[in-house]
Amino acid sequence: MTEHTKTDGLPGMQAALPARTPERAPARNARVSEQKIACNACPVLCQISDGRTGACDRYANQSGELVRVDPVIFMNRTLQQSGSTPIRFTQADVTGQTAGSTSGISEVSGQDVFVTGVGASTTYPDYKPAPFIVASTVQGVDLVTVVTEGIFSYCSLKIKIDTDRYLGPEQASVRVNGEVIGHVTTAEYGSQMLSLGGVHHLTGGSKKEGRVTMESMYTLGNKGAVALTIDGGAQVIVQAGRAPVVNGVTEQRMRVGCGSAAIGIFALQFSGLADEVVVVDDHITGVLTEHQAGKCLDMRPSGIVMRGRKSTPGRYFQVANPGTGWGGTDLADPLSIIEGWDEAVAWPGLRLLMTSTTGEHACWYVLDEQLKPIQTEIPAQVRDVVERIGENCEPSMTSVLFLAGAGGSLRAGVTENPVLLTQAIKKSLVNVTCGGAPAFVWPGGGITVMVDVLRMPDHSFGTVPTPAIVAPIEFSMTLEDYRRLGGHMDYVRTIEDTLRDGAWHSDGAPGALKWIRPNDVNPWPLGQPPMLG
Ligand code: SF4
């Protein structure tokens with residue numbers, strides 16, 4: 001982005017413009033000179049020359065008319081496949097896109113169509129009603145969905161990286177191109193967690209920090225890959241739905257559990273095959289004969305003396321430093337965590353298995369006459385159990401959750417009395433979705449929503465150079481509840497009218513929409529309890 005205000009498009013954006021949705025209300029589309037139009041869809045207030053786009057690439061000046069570059073996304077659950085061709089808000093064109101149907105618009109049932117906020121536009125400043133306030137009837141109940149794009153400064157991404165490997169110390173900075181865009185947060189079971197973005201990195205630092213943060217969030221939200229560097233830790237490439245790449249190595253498995261859990265799960269299968277089993281783990285390293293699982297199986301004590309800090313019987317903390325070796329430690333030689341053997345207890349010929357929590361590392365040893373472990377080939381039956389550990393590990397994956405605050409001025413597009421929307425959401429009278437994907441609403445004050453970006457339509461996220469993230473949000477409820485919470489009743493449109501006319505602030509000229517099938521893993525957003533009573 002070249003400027004944060006009065007932007008005259010982006011350099012090099014002279015290419016032919018794709019299909020567009022005109023923004024036709026005069027107040028949104030003021031001509032500021034013979035060649036330029038002012039866009040007031042966000043606080044940046046770009047002045048856009050003919051043939052150029054605004055700073056966010058979402059709006060353009062097409063022959064003196066302010067147009068939306070990308071289509072608004074409608075979901076239709078009767079579609080066999082998503083339509084990639086933008087179509088117009090006319091009855092004939094809509095008909096042509098409905099899975100080969102030759103029937104009229106009246107056959108597009110309101111209960112099968114959902115208008116998402118993707119491409120829906122905003123109605124800045126916020127006192128204007130949201131662009132789409134759509135009525136539909138589901139199982140005889142009148143519903144309404146308020147649809148808009150939100151412009152979020154208060155937003156972040158929570159990244160869950162399924163790996164045991166050490167990515168960096170908690171609180172360490174996470175960088176992209178040298179700029180800090182977030183930090184390492186608490187590790188979770190089998191996963192390392194990052195918190196990226198947030199208002200302080202977007203707007204509280206340098207202009208470059210804000211831009212790099214915004215671009216990284218935009219890419220990750222839209223399911224793209226971003227290379228991260230963690231201070232004092234690893235380099236990681238993350239992408240929603242893909243295995244993380246740690247220091248150039250693509251992760252394969254998340255652990256079956258901690259070392260203690262792995263001992264508990266597989267104790268019975270190891271008994272009789274090994275005299276001692278050590279499951280190496282950065283968190284809790286498990287030792288079978290000392291562990292309660294071994295006690296329950298009446299296993300003979302092995303006399304093994306472990307390094308690290310003993311927690312409870314058979315469970316050891318801090319056997320090594322964290323790292324990218326065995327079980328998320330820095331170990332290359334697992335024997336280095338064994339202090340020695342109690343000569344009064346151990347015996348020559350004792351069979352020892354050492355394995356990691358994923359089964360990716362495993363070694364088999366037999367004690368010689370001096371009680372020294374000698375590595376030999378793993379017996380087939382033991383190998384089978386180690387492979388079963390691997391079989392029980394889920395594929396390593398990266399999850400990206402978008403977290404944003406919608407409890408501010410955005411609510412004025414829904415109701416004249418915003419606190420009533422907040423209260424209705426807390427009472428579960430309103431179903432909140434982002435691009436049709438279910439959003440978890442955090443308890444407590446405000447409307448803080450969290451959504452899995454993989455469940456949202458592709459290209460759901462945009463940016464504006466304030467800098468902030470643009471994301472879709474929809475509020476669905478009964479028409480009666482909408483009336484009760486002070487909704488903009490004069491702007492409620494049927495789905496048929498919406499398909500014909502577009503957003504309320506358009507003037508009826510052709511616009512672009514795209515039909516998609518809903519994501520099969522998502523519940524249909526209309527008619528969720530308690531909407532239907
Ligand atoms: S950044 Fe985009 S939405 Fe904001 S004024 Fe410019 S063109 Fe309009």
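Here are some exercises on the structure above, each with a worked solution.

This is a predicted model, in which local features need pLDDT of at least 70 and side-chain atom pairs count only at pLDDT 80 or more, while totals for chains, interfaces and linings use all residues. Residues are numbered from 1 along each chain as its sequence is written.

**Exercise 1. The chain as a whole**

Task: find how many helices and strands the chain has, and what share of its residues count as buried.

Solution: 
- Start with the secondary structure: the chain has nine helices and 35 strands. Helices (H or I, at least four residues) and strands (E, at least two) are DSSP runs, numbered from the N terminus.
- Then turn to burial: 50% of the 533 residues count as buried. A residue is buried if 20 or more other C-beta atoms lie within 10 Å of its own, exposed if 12 or fewer, and partly exposed in between, with C-beta atoms placed from the backbone.
- Finish with contacts, where two residues are in contact if their C-beta atoms, placed from the backbone, lie within 7 Å. Among contacts between residues at least 6 apart in sequence, 67% join residues at least 24 apart.

**Exercise 2. Around the ligand**

Task: which residues come nearest to the ligand, and which classes make up the shell?

Solution: 
- A residue is near a molecule if its C-beta atom, placed from the backbone, lies within 6 Å of it.
- There are 13 residues around the ligand, and Cys39, Cys42, Cys46, Gly54 and Cys56 come nearest.
- Sorted by class, the shell holds ten nonpolar, two polar and one charged residues. Here Ala, Val, Leu, Ile, Met, Phe, Trp, Tyr, Cys and Pro count as nonpolar, Asp, Glu, Lys and Arg as charged, and the others, Gly among them, as polar.

**Exercise 3. Follow one valine**

Task: is Val144 buried or exposed, and which residues does Val144 touch?

Solution: 
- Locate Val144 in strand β9, residues 141-152.
- Val144 counts as buried because 24 C-beta neighbours lie inside 10 Å.
- Leaving out residues up to four places away in sequence, Val144 touches Ile133, Val134, Ala135, Met477, Leu479, Tyr482 and Val492.

**Exercise 4. Read a sheet**

Task: work out the strand order of the open sheet formed by seven strands.

Solution: 
- Strands of a sheet pair through backbone hydrogen bonds, either parallel or antiparallel. In this exercise two strands pair if DSSP finds at least two bridges between them.
- The order is β21-β22-β19-β18-β24-β25-β26, with mixed pairing.
- At the edges are β21 (309-312) and β26 (373-376), each pairing on one side only.
- From one strand to the next, the twist averages 25 degrees.
- Zoom in on β18 (residues 276-280) and β19 (residues 285-287), which pair in the antiparallel sense over two bridges. Val278 stands opposite Val287 in β19.
- Axes are lines fitted to C-alpha atoms, for helices over the stretch in contact, and angles run from 0 to 180 degrees between N-to-C directions.

**Exercise 5. The cores**

Task: which residues have the most contacts inside the largest nonpolar core?

Solution: 
- A nonpolar core is a set of buried Ala, Val, Leu, Ile, Met, Phe, Trp, Tyr and Cys residues joined through C-beta atoms within 7 Å.
- The largest one has 101 residues, and Tyr59, Val449, Ile469 and Ala471 have the most contacts inside it.
- Strand β33 gives the most to this core, with seven residues.
- A second, separate core of 40 residues includes Phe270, Leu352, Leu353 and Leu367.
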